[in-house]
Amino acid sequence: MFLLGPIALLSVFACSRSHELFTDTVPKDFYLRKDLTDCSARFHKHKIFQQQCLVFGGVQANLTEFPHMAVLGWPEPGQNGSSSGQILWQCGGSLITERFVLTAAHCAADTNNIPPRLVRLGDVNLAASDDDEYAQQFEIRRIVRHPEHWFSRKYFDLALVELDGVARFTAGVCPACLWTKQALPAQIFETAGFGAISFGGAPVPNLLKTTLRTMSSTECTKLYKNTRGLSEGIVSDQMCAFELDADTCQGDSGGPLQVSLRSFRDTQPFVVALTSFGRGCGTGSSGVYQRVASHIPWIESVVNETMDPVRCSEKYAAYRHFSLLAPECAIRNAYINRVHLLWPAEAKGPPIPCGGTFIDYNTVVTSARCVHDADGVKPNAIELLESLDKPRAKIVEIQVHPEFDEISLRNDLALIRLEKYLQPDIHVAPSCIPLPKPTEICTDRQTHDPVTCWDQLADTTKMNLLNPICSPESIERSTVKLVWSEDNDKPPCVGMLIKTDTVITSIRCMNNHSSDPPVEIELTGSEQGKRVKIDTKKELVEGVIQRSCCLQRT
């Protein structure tokens, strides 16, 4: 377990360069590449990287690190039935709305069948008051256990605790979102609690955190064989997690097992499961956790709110501390590939800070939200970050993901094409992205994917153009001009005959004209001026296609 210290890293790149970073020259083999699978071999030369870490021991959670963390308390009785003023904090929980805390059902009563009466939020040290900047405490109005939970069994271990007031949201008190999918988002999870730090020990006043990794349900079932209350073994809505030197313990029940997903600005916690029960603590023991995904409809019916993760993230984003996405360990001399988007003087710019990352010679990936401002003005150039001379390149094309949704922000991706090409060196190089393995899906026995098959056609054409048979004269004879029904002052578009019924041309040039397709092609060379109508149902005349024989090779 680690404690992030208040350290900021500033990496500055400076070197004397023997070449300009951007060039007009098309890189070697640029048009022969089928995809980006050669990224690492092409751009990343053998290099020794140095790591600098921001972690240096400690297990205590930061004040705003788990703003959804709640703790349930039992006031100790004093003489004559009055309260002694002492509170036993014995269970954890997660704030999921302004009024409800999600916890384990077995926390609804202690061993004396007494229910908890208090909930405390925003406190990471229950024994001190100097950290109470965000602390809030409430009486419990009611506890709603899962309708299928029995205290004699270890299944359906969920309960909702309703507060007697409304939580005030701050950076230290803010609901977590719930992981609603059946598939787990990761193999390693975070957990936190005020529970004991040794088997049989007393709860501690400090909120402690650790990471745990999942264990297969088969292995976990073996560990808990013949366990009372677990007659069906480990079921699908339960999961097991462990670590050799860490574990949850008594007093951690009901606390979150979570994963933190990062956006450009902040980190959003998603509760995947709740601490339910275990056998011993630490030293490699495995705990069992109650997953929440299968019980979202019941949770929503009680709290009367949607648990949709997108809505949740948007709703509470304003209360999350800004995150620079700095990892606990960073590579000091990593390749530089981040860019800053530059805007025309009249542009207002996007509502969020925007940048991008080089993924190829002339391609930058960024957020779809970053490619226009409120007035529709688009960025016109990029500037390389972390470089003292900050070289720039002009933007010539922007493509937004076709399924980008501005409301839900799904598929929030865009590609930026540059006028010039990056010249990578030992300091500057594109970042490589993981790609799926290619599959043969354009054969007669496979389902055809239009996009992939078109890419395959384009690749074949590129290779054929390099065939010695295809002399410059042959290529010139295969070139045609595209003709629209109405003359305009737009730049002319040209194409090449590659099949008996196909002309390949530039999408960018087509878009510059209109949404209507061209109606004719005009021949060049010795037959310059002769036109052929475009008919999608018929092949071009044989005399025309003979001029492009070198392009038909397959």
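Modeller: Phe30 is buried, with a relative accessible area of 16%, where buried means under 20% relative accessible area, exposed means over 50%, and partly exposed covers what lies in between, computed with a 1.4 Å probe on protein chains only. This is a predicted model, in which local features need pLDDT of at least 70 and side-chain atom pairs count only at pLDDT 80 or more, whereas totals for chains, interfaces and linings use all residues. Residues are numbered from 1 along each chain as its sequence is written, and side-chain values use heavy atoms, with hydrogens and water left out.

A pair of aromatic rings is described by the distance of the centres and the angle of the planes. Here the rings of Phe, Tyr and Trp (for Trp, the six-membered ring) pair if their centres lie within 6.5 Å, and planes under 30 degrees apart are called stacked, those over 60 edge-to-face and the rest tilted. By that rule the structure holds eight aromatic pairs. In one of them, the ring centres of Phe30 and Tyr421 are 5.3 Å apart and the planes stand at 75°, so the pair is edge-to-face. This pair links distant parts of the chain, 391 residues apart, with Phe30 in the loop between strand E1 (22-23) and helix H1 (39-43) and Tyr421 in strand E23 (residues 421-422); helices (H or I, at least four residues) and strands (E, at least two) are DSSP runs numbered from the N terminus. Tyr421 also counts as buried, at 11% relative accessibility.

Another of the pairs joins Phe169 and Tyr319, whose ring centres are 5.6 Å apart with planes at 75°, so this pair is edge-to-face as well. It too links distant parts of the chain, 150 residues apart: Phe169 is in the loop between E8 and E9, and Tyr319 is in the loop between helix H4 (309-316) and strand E16 (329-331). Phe169 is buried, at 17% relative accessible area, whereas Tyr319 is partly exposed, at 33%.

Returning to Phe30, this residue forms one aromatic cluster with Phe43, Tyr361 and Tyr421. At 9% relative accessibility, Asp360 counts as buried.

Beyond its neighbours up to four places away in sequence, Val166 touches Glu98, Arg99 and Phe138. Val166 and Glu98 are 68 residues apart in sequence, yet their C-alpha atoms are 5.4 Å apart in space.

Leaving aside neighbours within four places in sequence, the residues in contact with His68 include Gly93, Ser94, Cys174, Pro175, Pro256 and Val271.

Asn113 has a positive phi of about 65° although it is not a glycine; it sits in the loop between strand E5 (100-103) and strand E6 (118-121) and, at 61% relative accessibility, counts as exposed. Leu409 likewise has a positive phi of about 65° without being a glycine; it lies in the loop between strand E21 (392-400) and strand E22 (414-418) and is partly exposed, with a relative accessible area of 27%.

For the chain as a whole, the secondary structure comes to eight helices and 28 strands. Buried residues make up 43% of the 554 residues. Of the contacts with a separation of 6 or more, 68% are between residues 24 or more positions apart.

Terms used. Contact means heavy atoms within 4.5 Å.
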